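Subject: Structure handover

Hello,

Please find the structure below. My notes on it follow.

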Amino acid sequence: RGAMAEERALAMVTCTAPVNIAVIKYWGKRDNDLILPINSSLSVTLHQDQLKTTTTAATSRDFTEDRLWLNGEEADVGHPRLQACLREGECPPPWAPPGAERGVPCTSPSLCPLAVRRLARKRRGDSAEDGTPLNLSYKIHIATENNFPTAAGLASSAAGYACLVSALARLYGVEGELSEVARRGSGSACRSMLGGFVQWQRGERVDGRDSLALQVAPETHWPELRVLVLVVSGEKKQVGSTAGMQTSVDTSPLLKHRAEVVVPERLALMMRHIRERDFEGFGQLTMKDSNQFHATCLDTFPPIFYLNDLSRHIIALVHRFNAHHGCTKVAYTFDAGPNAVIFTLADTVAEFVEVVRRSFPPATNGDQFVRGLPVGSASLPEELVTAVV
C-alpha cells in the first residue's frame, strides 16, 4: 500500500509468562499434531514475582536465519512445536487426504496449523490501516530464560511457550484469543496465557478450535491461597512428558477410565471447591488427582517413575501433618517430575516451612533453602515434632 510508512528495519519486544500448576491433570493426547487432550484439566497460575519465563523476540532485515537461545545456550530453532507457533503454515493441513499438494500458499486459513505469523498476515489483510508495518518475512531471533529448573516437572514448557506466543503476538501486532496458538507449542501452555484458576477445555471438534483455555476464577478470588515449591531435583527428567503420555495412551487402561469417567466428575467438584474457597475439599481432591496421575504412569507399560524416594517422603510428611491437625492444612501435587508443589493457606505457611526445615536440614540441602515471599518464624509444639517430623 502506497500510504504505508517505511518498513521498520528492527523490532524487539520482551514478555514474561507465569508457571501454572495443574490440580486436575492433563495426561494424554487424542491428536498429537494439534495437541488435543483426552480430558479437560484445571490449573492454578502462580505469581510471576517468584516463578516466570522471560522471552525476548527480535526480527530484523539483517538477520539471515531464525535462531533460538534457551537459558543462554543456543537451541534448535527447527523444533516442530516451536515452528507450529512461528510458521505461517502450509496447505494442506496434516489431516488432508493423500495426494494433496504440500507447500502451496494457504487458501484455507481456518484449516492450517495455527501460527502467529499467519494470524498477523490475516490481521493485516482484514485491516484498512497498519501504522506499524513489520515485514513478516524477516528472520527472527528468540532468547528465553527460566528462573527455575527446566524440564524437571515444574511446567517450564507451559510458561515457555505461553511467553513465546505472547512475545510474538506483541511483535507482530496480533490481538485476541491466543491460547489455541500456545497449545500448539505445549498443551498446558494455553493455561499460562491466563491468571487465576484456569480450565483447559478438552473440546469436541476435530480441528481443535474449541480446545481453549478459560478463566474459572480471577487471581483475586482466593487471596489467602499460598504455594510452596519443594525442589527435590533440578535435573532433566528421564522420560519426557510427550513420550511418556503417548506410551500411557497406548498401554494404560487406567488412563482411559480416568479420562472418560473420573476427570469429568472431579472437574465439576474442583470448580465448586474453588468457587466456595473450600480448602479441605480443594486440598484433598488435588492430592487424589496427583496420586491417580502417577498411578496411570505406573499402569503404563513399561512403567514410568517420576517420583523418587524424596518425593514419597514429602507425601508421607504432608499426610502426617494433616493427621496431626485433624484436617487438610496442606496439599501436595506432583507433575511429571519429582518436585512437590504444596498448596496451603497463609496462616499455615510458617509452621509448615519450619516442619520442612526440620525434616530436610538446610545445611545439607543447599544455601538458598527458602526463596520467594518472606516467611515468618514459627515454634513447633513438641507433640507436633514427635508426630510429624
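Cysteines and the sheet

Cysteine 190 is buried, at 0% relative accessibility (buried means under 20% relative accessible area, exposed over 50%, partly exposed in between, with a 1.4 Å probe and protein chains only). This is a predicted model, in which local features need pLDDT of at least 70 and side-chain atom pairs count only at pLDDT 80 or more, while totals for chains, interfaces and linings use all residues. Residues are numbered from 1 along each chain as its sequence is written, and side-chain values use heavy atoms, with hydrogens and water left out.

Cysteine 15 is also buried, with a relative accessible area of 6%. The number of disulfides (pairs of cysteine sulfur atoms within 2.5 Å) is zero. For cysteine 15, the nearest cysteine sulfur belongs to cysteine 163 and lies 5.9 Å away.

Now the sheet. Helices (H or I, at least four residues) and strands (E, at least two) are DSSP runs numbered from the N terminus, and two strands pair if DSSP finds at least two bridges between them. Five strands form an open sheet in the order 1-6-9-7-8, with mixed pairing. Strand 1 (10-18) and strand 8 (73-75) are at the edges; each has a single partner strand, so one side of each has no neighbour in the sheet.

Strand 7 (residues 67-70) and strand 9 (residues 139-146) run parallel and are joined by four bridges. Leucine 68 is opposite isoleucine 142 in strand 9. Helix 3 (residues 156-172) packs on the sheet and touches strand 1, strand 6 (52-60) and strand 9 (contact means heavy atoms within 4.5 Å).

Regards

Methods:
Axes are lines fitted to C-alpha atoms, for helices over the stretch in contact, and angles run from 0 to 180 degrees between N-to-C directions.
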